[in-house]
Amino acid sequence: MRILLLCSSFNGLTQRAWLELRRAGHDVTVELAVSEQVMVEAARLAKPDLIICPFLKEKVPALLWQNHRTIIIHPGPPGDRGPSSLDWAIADAEPEWGVTALQAVEEMDAGPIWGYRTFAMPAEPPRKSALYNGPVADAAVELVVEVAAKAMDAGFVPVPLDYRSPQVRGRLRPAMRHADREFSWSQSTDAVLRRIRSADGAPGGRVMLDGRMMRVFDVYRGPVVAGTPGTVAARREGAVAARREGAVLVHTGDGTVWVGHLRVEEPGAIKLPAATVLGERAAGLEERPGYSEVTYDRSDTVGVVSFDFYNGAMSSEQCRRLASALRYAGAQDTRVLVVRGGEVFSNGIHLNVIEASRHPELEAWTNINAINQVCREVITCTGQLVVTSVGGNAGAGGVMMGLGADRVLVREGVVLNPHYRTMGLFGSEYWTYVLPRRVGAVVARRLTGQALPISAAQALELGLADRLMPGSRLEFERSVLEYAERLAAGDDYGRLLEIKRQAQEADERRKPLEAYRVEELAEMSRDMFDDRNGFRQARKAFVHKRKVVTTPDHLAVHRELSGASAGPVAAASHM
């Protein structure tokens with residue numbers, strides 16, 4: 001079929017839907033819903049048999065749903081309605097939630113149901129972003145494929161929404177207001193966590209901190225801390241007690257929470273590491289253990305460096321810590337080193353920290369050099385076999401960082417964006433070495449030039465990944481460890497390690513690794529300091545969440561790929 005995807009942005013979920021529908025053989029075009037006129041014109045040009053809206057904040061124009069079957073993927077169970085579904089599900093501690101595919105009608109979220117999925121909610125309040133990118137996205141992609149199949153069945157009839165049905169357990173909920181996001185530090189740790197995570201990553205929990213109204217993100221349980229009377233760390237709700245790796249420890253009514261990120265509630269402010277936002281106030285605090293973005297664990301034969309950076313962005317300081325951990329792990333007597341990413345594996349350099357710097361171009365340069373050191377530690381670890389565990393999406397330099405390993409294991413459902421073009425950058429992270437050696441020069445040029453996402457299955461087919469593993473994040477990580485243990489215990493371990501060493505020596509003789517770095521940085525210096533490809537404006541638009549007003553030019557490539565010569569298309573996010 002000809003399918004048009006209408007979306008507010010070409011985010012991870014929309015990318016997965018696009019990839020899966022194309023894999024199923026459909027002719028799929030994408031349009032950003034920048035205006036009612038654009039949406040209507042998109043349908044006129046694409047002439048779709050079906051319109052699917054996997055992520056749409058705007059109301060579907062009547063001209064569309066009256067003339068085309070238009071299906072909304074709603075992040076709530078049957079009967080749930082309203083724009084703040086996931087926020088309420090977390091805030092109200094719903095034991096079960098779901099995703100529903102419903103047909104667009106005049107009244108929002110009230111159309112007949114094409115299908116739905118439900119799943120159990122975790123007891124520990126999840127971050128809204130984790131819920132959306134995890135079980136919600138998995139269910140939504142299943143539904144998108146199911147909807148396309150049902151649309152080809154002439155006998156299929158969707159089920160009208162009927163609140164008397166036992167399957168319809170949702171209800172209409174209002175949009176969350178500022179007051180619904182507010183909390184008090186005097187509340188229990190459980191209540192604080194739930195309120196903040198229901199609004200993470202946007203718009204954040206709302207509270208006074210350090211005498212200013214803040215939006216709070218990225219929180220974790222902390223220890224019960226007894227402060228010294230009369231000090232900043234006194235046991236007082238809302239008092240900031242300590243700091244650690246960019247996070248700060250704040251007292252609640254019955255304990256503490258680690259706060260990773262803050263945004264001052266004022267025009268132009270952006271989300272940054274909490275210690276950066278608090279500035280001198282945080283600088284005077286004691287460093288306290290108990291929170292770490294980078295950890296190392298080991299068994300007799302397998303070492304694991306785990307890192308979990310918020311939204312996958314890696315600042316210069318975070319890169320230095322990760323490089324140090326990798327250096328330490330590579331010097332141990334284990335046989336296999338697993339490099340394990342977090343909810344998002346990595347999206348490369350930290351654009352928010354760069355933008356907030358006094359000298360953004362200089363910070364960008366420092367950041368790219370720091371992440372290059374991380375990549376170098378992965379590539380040059382010759383005393384062990386290295387396995388990267390890609391359990392979450394990755395983009396730009398984050399993809400290239402993972403490719404430096406001997407084995408790349410990817411979880412089903414992961415989306416990779418192995419390109420830099422949409423941010424106006426040539427790219428570094430030794431990509432001119434690690435990408436062609438896996439897929440060849442021709443495919444490497446295509447992947448970086450087209451700036452389109454690829455699925456985990458495509459990564460396996462292309463040679464970007466060595467193995468595809470199903471299951472939840474927990475099941476995937478367990479499978480990765482089992483794989484690493486087998487690799488370490490294998491009879492051919494010594495042979496594999498020797499082949500690796502010989503290959504690296506041959507590569508070094510042919511062209512030193514340092515030469516790749518120097519050549520890439522020569523290009524990056526022109527992008528970062530001379531701004532030859534619009535990095536400055538692209539960075540500002542990304543950081544300040546500026547609304548896209550037109551479809552980017554580079555997606556003419558997408559039209560050629562999809563075969564829809566007249567169809568509109570949308571942009572792939574860079575990171």
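Strand β4 (residues 70–74) is mostly covered, with five of its five residues buried. Buried here means under 20% relative accessible area, exposed over 50%, and partly exposed in between (1.4 Å probe, protein chains only). Helices (H or I, at least four residues) and strands (E, at least two) are DSSP runs, numbered from the N terminus. T70, I72 and H74 point one way from β4, while I71 and I73 point the other way, and all are buried.

Two strands pair if DSSP finds at least two bridges between them. Strand β3 (residues 50–55) runs parallel to β4 and is joined to β4 by three bridges; C53 stands opposite I72. Strand β5 (residues 96–103) pairs with β4 in the antiparallel sense over four bridges, and here I71 stands opposite Q103.

## Basis of the model

This is a predicted model, in which local features need pLDDT of at least 70 and side-chain atom pairs count only at pLDDT 80 or more, while totals for chains, interfaces and linings use all residues. Residues are numbered from 1 along each chain as its sequence is written, and side-chain values use heavy atoms, with hydrogens and water left out.

## Nonpolar cores

A nonpolar core is a set of buried Ala, Val, Leu, Ile, Met, Phe, Trp, Tyr and Cys residues joined through side-chain atoms within 4.5 Å. The largest nonpolar core has 90 residues, of which W185, V248, V259, L262, L322 and L435 touch the most other members. Helix α12 (residues 360–379) gives the most to this core, with eight residues. A second, separate core of 40 residues includes V30, I71, V99 and W114.

Contact means heavy atoms within 4.5 Å. Leaving aside neighbours within four places in sequence, L322 is in contact with V294, V305, F307, F309, M314 and V374.

E361 has its place in helix α12. E361 counts as buried because its relative accessibility is 18%. Not counting residues up to four places away in sequence, E361 touches M528, F529, R536 and R539.

In helix α14 (residues 431–439), the buried residues are W431, Y433, V434, L435, R438 and V439. Just after α14, G440 takes a positive phi of about 90°.

The loop between α7 (189–197) and β7 (205–209) holds G201 and P203. A cis peptide bond joins D200 and G201, with omega about 5°; another cis peptide bond joins A202 and P203, with omega about 0°.

D210 is a residue other than glycine with a positive phi, near 60°, and lies in the loop between β7 and β8 (212–221). Y430 is not a glycine either, and has a positive phi of about 60°; Y430 lies in the loop between β19 (415–417) and α14. D210 is partly exposed, with a relative accessible area of 29%, whereas Y430 counts as buried at 1% relative accessibility.

## Cavities

On a 1 Å grid over the protein atoms alone, a cavity is a set of points where a 1.4 Å probe fits but cannot get out, and lining residues have an atom within 4 Å of a point. Grid points are joined across faces, edges and corners, and a volume is the space filled by probe spheres set on the points. The whole structure has four cavities of 30 Å³ or more, and the largest cavity has a volume of about 80 Å³.

Of the 13 residues that line the largest cavity, V390, V399, L403, V408 and L416 are the closest to its centre. The elements that give two or more residues to this lining are α13 (397–403) and β18 (407–411), and α13 gives the most, with four residues.

Notes: 1 Å grid on protein atoms, 1.4 Å probe; cavity = no way out; pocket = protein on both sides within 12 Å on 5 of 7 lines; lining within 4 Å.
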